[in-house]
Amino acid sequence: MTIRLLLINPKFGESFWSFKWAIEEIVPNKRAVNPPLGLATLAALCPPDWKIEIIDENIEPVPLQPLADIIGVCGMGVQFKRQTELLNYYRKRGYFVVAGGSYASLCPELFEPVADTVVSGEVEYIWPRFCGDFERGSPLALYRETGTVALSDSPTPRFDLLKLEKYTTATLQFTRGCPFRCEFCDIIVMFGRRPRWKTLEQVGRELDALRVRKVRNVFFVDDNLIGNKAVAKDLLRFLRAYQESHGYRFRFGTEASLNLAQDAELLKLFREANFIWVFIGIESPDPQTLKDTLKIQNTQEDVLTSVRRIYSYGIDVLAGFIIGFDNDTLATFELQYRFIRDSGIQVAMIGLLMALPKTPLYKRLQNEGRLIADAENTDNTKLGTNFIPKRMSYDEMIEGYTLLYRRLFSDRGIADRVRNKMKYLGEPVYHGEYSPREQFGILAKLLTKGVLAGGWSRLFHFVCSLPWSAPGKLPLAIVDWIDGLAMRDYVDRHFVQPGVRDSAAAKRWFASIERAVKIYLSQGKASIELRLPAGAAPRFQIRLLGSLDRIFFSRCARRIERLLKQTCSTVTLIIDETQRPQLHELNRLLQRLARYGDRIFIGISERLRDALVIDSSVFNLMLEYPQHNIGTSL
Ligand code: B12
Ligand code: SF4
């Protein structure tokens with residue numbers, strides 16, 4: 001019998017990495033940044049007669065009644081809540097469910113209660129064992145890779161199962177592991193300190209497969225592509241030759257350690273292979289902090305000099321920064337601000353230090369009694385972390401962090417960085433990626449929706465920051481503005497504490513909705529409710545209980561839209577009852593509200609699940625039908 005396997009990548013809560021504003025408003029026809037490469041790799045390890053489907057909830061809805069024998073759900077820590085919701089939902093309905101991915105690899109014990117099988121670690125050897133056991137009817141509860149996988153045994157991922165055209169950048173992995181030993185890092189816990197790599201033939205096959213699928217942007221998702229420099233150089237020579245023989249069709253990006261800057265040959269090869277950007281964990285400009293956290297590879301020379309040297313090869317630098325190290329004080333915010341401004345790094349992913357389970361940092365803070373019990377420990381870019389800082393208070397750290405982002409993503413902050421990058425940038429590897437028509441469209445959207453929407457001041461900063469005397473650098477400067485405004489949009493929406501004004505406006509709109517649909521409420525065909533929890537966004541709930549007409553939906557639509565626009569409220573829509581003629585009206589309402597989908601929670605009763613398809617990549621589809629509760633955020 002053919003086994004049907006459904007693999008799901010759960011929806012991410014929004015983060016800086018979502019680049020939501022850029023994807024929704026500026027870049028044509030894309031839904032997310034990167035595809036789930038782990039699932040495509042897993043699919044390639046299945047027996048050839050298995051029927052496999054991959055669903056990425058970040059670009060498409062999850063099916064509620066799929067035709068499947070096994071459902072595998074992956075996830076990073078940030079996806080844990082949705083991952084377990086999906087596992088619970090499918091398991092309750094009789095499917096055999098398997099948990100895997102980054103977080104299950106790090107903390108398999110958390111998944112044992114919610115999955116039939118947990119797969120922890122790299123899958124190249126253990127997944128084929130699971131497949132055999134499953135076919136024989138005796139799958140185990142836990143498969144754990146405890147040894148090392150030779151990456152030469154890793155298959156070409158099933159790129160054909162990914163809808164690559166929906167992502168800005170495809171992914172490919174060459175190595176796993178990193179030789180360094182930063183105290184906070186879980187990579188070396190999961191993948192070890194001895195880098196392992198694929199053969200060049202494997203890389204060639206993967207590139208061929210991506211080329212056939214017309215992919216142009218490729219992210220080498222290695223933890224540190226230059227973990228072994230000699231091997232990295234071989235790869236880069238191979239890529240250079242590949243690009244030469246295929247018309248330089250790929251634009252590459254990757255993660256690498258800062259010691260890249262001290263190797264001129266490496267930098268030259270990066271350029272020749274067409275690497276347009278590199279993501280570097282800079283973490284802090286303070287040498288003492290870098291030493292304390294064992295990031296010694298960043299202490300070989302002044303960090304600013306290193307960044308500028310990479311720029312001089314025309315390669316863009318994206319970077320990660322961390323706030324909250326033991327040596328950090330209130331003065332650190334200014335130090336970080338100045339460094340990021342002067343370095344010109346636009347995509348500056350600043351996170352709060354967070355102790356990930358099983359890392360040396362976690363163990364140390366635990367011993368020192370500084371961990372905060374039950375605190376969220378999966379997403380380091382939210383306004384909170386799981387430990388008590390040493391030389392500032394917790395609240396000061398959160399406040400300083402918020403202000404740092406606000407300063408960096410002010411119009412002036414974005415412009416300063418564009419200028420400071422352009423000054424040191426050699427002839428960019430990046431020349432743009434769109435046809436003249438698309439370029440015109442993107443520029444028009446950036447101007448109307450981004451620049452002019454920010455008023456004269458932003459227009460002034462935008463125009464003054466562009467490298468008019470070096471037109472070759474313009475495409476990168478434009479990309480920087482798009483990235484900068486996307487990150488600013490995230491800060492504006494997420495780094496705010498709901499205030500009194502939100503509550504007052506939510507109350508006003510609630511009263512307006514109540515008046516407008518009074519008759520339906522009195523007939524028991526609908527019910528509405530507003531809650532104003534202290535320090536959190538107002539929560540509005542509407543429940544559809546009976547037969548409703550077009551007038552009801554049109555009266556609600558405009559008011560709910562205003563509520564969402566003018567406040568940071570969440571809206572929970574519970575559909576107990578609906579009839580076919582209402583579906584059209586309901587869908588129109590949803591279409592109208594779609595742009596606020598990340599704040600809309602939808603629950604539908606079991607009976608209606610056949611008739612109503614909710615796009616869970618747009619809205620938060622509640623898998624468990626809520627009897628009374630108002631939904632909370634993902
Ligand atoms: C590419 C990448 C991204 C991409 C997106 C990837 C995507 N769409 O899935 C981007 C840049 C968007 C990203 C963002 C983030 N990321 Co990230 N990312 C990575 C990276 C570098 C590579 C992942 C990858 O593709 N690996 C290659 C594939 C082949 O391997 P794999 O995913 O490890 O999967 C293997 C196994 O886990 C298993 N497997 C995978 N899925 C499944 C499913 C089942 C059912 C089974 C059985 C097995 C299985 O098979 C694979 C082969 O062995 C990893 C680092 C790493 N080395 O894993 C970090 C990593 C996964 N990211 C991490 C984090 C923290 C984040 C962010 C939260 C950072 C932040 N604070 O903003 C954000 C969150 C995303 C968001 N909200 O949008 C952490 C996760 C920690 C954890 N243990 O959960 C990692 C491990 C890096 C780190 N230590 O900091 N990330
Ligand atoms: S360089 Fe990066 S991947 Fe390597 S140990 Fe440090 S944080 Fe981890």
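Modeller: A crossing is called left-handed if the near helix is turned anticlockwise from the far one by less than a right angle, and right-handed if clockwise. Helices are DSSP runs of H or I with at least four residues, strands are runs of E with at least two, and both are numbered from the N terminus. This is a predicted model, in which local features need pLDDT of at least 70 and side-chain atom pairs count only at pLDDT 80 or more, while totals for chains, interfaces and linings use all residues. Residues are numbered from 1 along each chain as its sequence is written, and side-chain values use heavy atoms, with hydrogens and water left out.

By that convention the crossing of α7 and α8 is right-handed. The axes of α7 (residues 200–212) and α8 (residues 229–245) come within 11 Å and cross at roughly 40 degrees, where axes are lines fitted to C-alpha atoms, for helices over the stretch in contact, and angles run from 0 to 180 degrees between N-to-C directions. Leu200, Val203, Gly204, Leu207, Asp208 and Arg211 in α7 meet Asp234, Leu235, Phe238, Leu239 and Tyr242 in α8, contact being heavy atoms within 4.5 Å. By class, this contact has seven nonpolar, one polar and three charged residues, with Ala, Val, Leu, Ile, Met, Phe, Trp, Tyr, Cys and Pro counted as nonpolar, Asp, Glu, Lys and Arg as charged, and the others, Gly among them, as polar.

For α16 (residues 436–451) and α18 (residues 474–494), the axes come within 11 Å and cross at roughly 40 degrees, and the crossing is left-handed. Ile442, Leu443, Leu446, Gly450 and Val451 in α16 meet Ile478, Trp481, Ile482 and Leu485 in α18. That contact of α16 with α18 has eight nonpolar, one polar and no charged residues.

Leaving aside neighbours within four places in sequence, Phe220 is in contact with residues including Leu172, Val203, Leu235, Leu239 and Phe275.

Notes:
Chains lettered and ligands numbered in written order.
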